[in-house]
Structure formats: C-alpha cells, structure tokens
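Please study the sequence and the model before reading each solution.

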Amino acid sequence: MKKLLIVAALLAVSFSVFAQNNSLGDPNPESVGRDSALQALKEISLDKFEREGSWNVHMSPDYGVITARLFEGNPAMKEPLEGEEEEEDSQVFGVRVDFFKRGINSFTITSQRPIPVEGTTKVVSLWVCGRNQSHDMYLLVQDYFGRSFELYMGNLGFTGWKKLSCVIPPSIDGEHGIVQSSAYYGDRPGLRIVGFRVDCNPMQARGSYYMYIDDLRCVTDLYDLQNRDEDDMLDNW
C-alpha cells in the first residue's frame with residue numbers, strides 16, 4: 001500500500017511539472033509581435049578580408065606549419081548588402097596547413113584586433129571553402145565583460161563555397177552566458193569577434209590542407225541605438 005502511495009505521489013508531481021513546462025511553451029496573445037516590434041535588425045559587414053596583415057594564424061609547431069595570405073577570388077553565390085554602396089571586394093583569405101603527423105590538433109584564425117559589433121548581435125555568418133575535409137569550425141567571441149566563448153559554426157566536409165552561420169544565444173538574466181549589454185557598466189559595444197578555431201579530424205589531419213574564408217557578416221539589433229533621443233548623453237566617459 002505504501003509503495004502505491006509513493007508511486008501515485010511521484011506521478012502527481014511529474015504531471016504537475018509537465019503541465020508547468022507545457023504552459024511555458026504556449027503563446028501569450030499579449031506578447032505576440034512585441035519582440036519583433038522592439039527590434040531593428042540589420043545585416044552589416046564586419047570584414048571582407050581585403051587588407052593584408054589584418055588576420056593571424058597559429059597552430060602548435062608540434063603538429064605542423066601554418067601559413068596564410070590573400071588571394072584573388074570571390075564566392076559566386078554571395079549577395080551584396082542591401083542599401084550599401086559597393087566596396088572593393090575582390091580577395092579572399094587563404095590558409096594552408098602542412099601536418100607533421102596525425103593527432104588531435106587545431107589551428108586558429110584571429111583578427112589583429114577583436115572586431116566590436118554595435119547593437120545586440122543575433123547571427124554571425126562567414127563564407128568558407130572547406131575542401132571537403134571533415135574538420136569542425138568554431139566562432140571565437142568575447143562578451144560585454146570580456147569573457148571568452150566559442151560557438152559551433154559547422155563541419156567543413158563540403159566542396160566549394162558554403163555560407164556558415166551561428167546564432168548568438170541571448171543571456172537570460174544579464175549575468176550568465178554571453179552578455180551583450182549592461183546598464184551598470186556604461187555604454188560600449190557588447191560583442192567582439194575574436195576569430196575562428198578549426199578542430200581537425202585526426203584521421204584526415206595529414207599532408208597539406210587548404211581552406212579559404214570571405215565576407216564576415218552579422219545580423220544585429222540596432223533598436224536601442226536608432227531610437228535613442230538626440231539630446232541623450234552617452235555613458236562612455
């Protein structure tokens with residue numbers, strides 16, 4: 001009898017938790033459209049990889065040698081940004097890795113200086129030519145407090161050019177996760193793009209590996225910046 005009572009109690013608790021979780025997913029008529037109405041999303045270009053010396057590459061000398069340079073080229077499927085004048089965009093950034101031996105290794109592609117992004121970044125995208133090698137690519141970022149994070153962009157096991165994208169997860173409470181703004185520490189760009197890391201597949205980390213990247217972009221929410229009063233001072237002093 002006691003066992004039946006315990007089981008019944010557990011089932012009642014489980015049903016209560018399920019009901020609460022299910023209610024969280026139900027749409028609230030009062031909030032539908034509120035998020036989109038308070039957003040001013042815009043796709044902006046962060047870097048087109050046109051300047052020599054703007055990006056660095058690095059890998060452990062125990063596993064191989066890495067070099068990089070600019071090449072003439074452009075992804076044919078890439079579309080220009082709307083409402084912006086055409087700028088010089090005729091080169092891509094190439095990376096060559098010569099492996100000494102197979103193993104669990106990686107290499108990084110980092111900007112000379114972290115790239116600040118205005119507003120609240122939603123999505124970061126990059127055109128990549130992966131040469132059909134099954135390596136994994138990650139985006140390296142710093143948040144408002146200077147904390148480092150890595151976000152998975154995708155696997156490089158494809159032929160030709162492909163646009164890889166990753167979503168920047170929002171912070172729920174403004175303290176944990178990737179925080180992009182804070183009312184307590186002044187006014188400055190909240191997200192900085194540090195670069196990329198490629199984790200190599202140990203079975204394919206041999207010989208020479210080539211990859212190319214181009215057109216780093218992001219979709220950012222500029223609502224707070226666009227709707228700021230002209231007579232409102234900036235908290236950046």
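**Exercise 1. Determine how well β7 is covered and which strands it pairs with.**

Step 1. Strands are DSSP runs of E with at least two residues, numbered from the N terminus.

Step 2. Two strands pair if DSSP finds at least two bridges between them. β7 runs antiparallel to β8, and seven bridges join them; D136 has N155 as its bridge partner in β8.

Step 3. β7 is also joined by seven bridges to β10 (residues 191–199), again antiparallel. There, V141 is partnered with I193.

The model is predicted: local features need pLDDT of at least 70, side-chain atom pairs count only at pLDDT 80 or more, and totals for chains, interfaces and linings use all residues. Residues are numbered from 1 along each chain as its sequence is written, and side-chain values use heavy atoms, leaving out hydrogens and water.

**Exercise 2. Locate D143 and describe its surroundings.**

Step 1. D143 lies in the loop between β7 (136–142) and β8 (148–155). These strands form a hairpin with five residues between them, and G146 in the turn has a positive phi of about 80°.

Step 2. Is D143 buried or exposed? Its relative accessible area is 0%, so D143 is buried.

Step 3. Leaving aside residues up to four places away in sequence, D143 touches (heavy atoms within 4.5 Å) several residues, including F149, G177 and R192. A polar atom of the D143 side chain lies 3.4 Å from the backbone nitrogen of V179.

Conventions:
Helices (H or I, at least four residues) and strands (E, at least two) are DSSP runs, numbered from the N terminus. Buried means under 20% relative accessible area, exposed over 50%, partly exposed in between (1.4 Å probe, protein chains only). A polar contact is a pair of N or O atoms within 3.5 Å; within protein, one must be able to donate a hydrogen and the other to accept it, and residues adjacent in sequence count only if both atoms are side-chain atoms.
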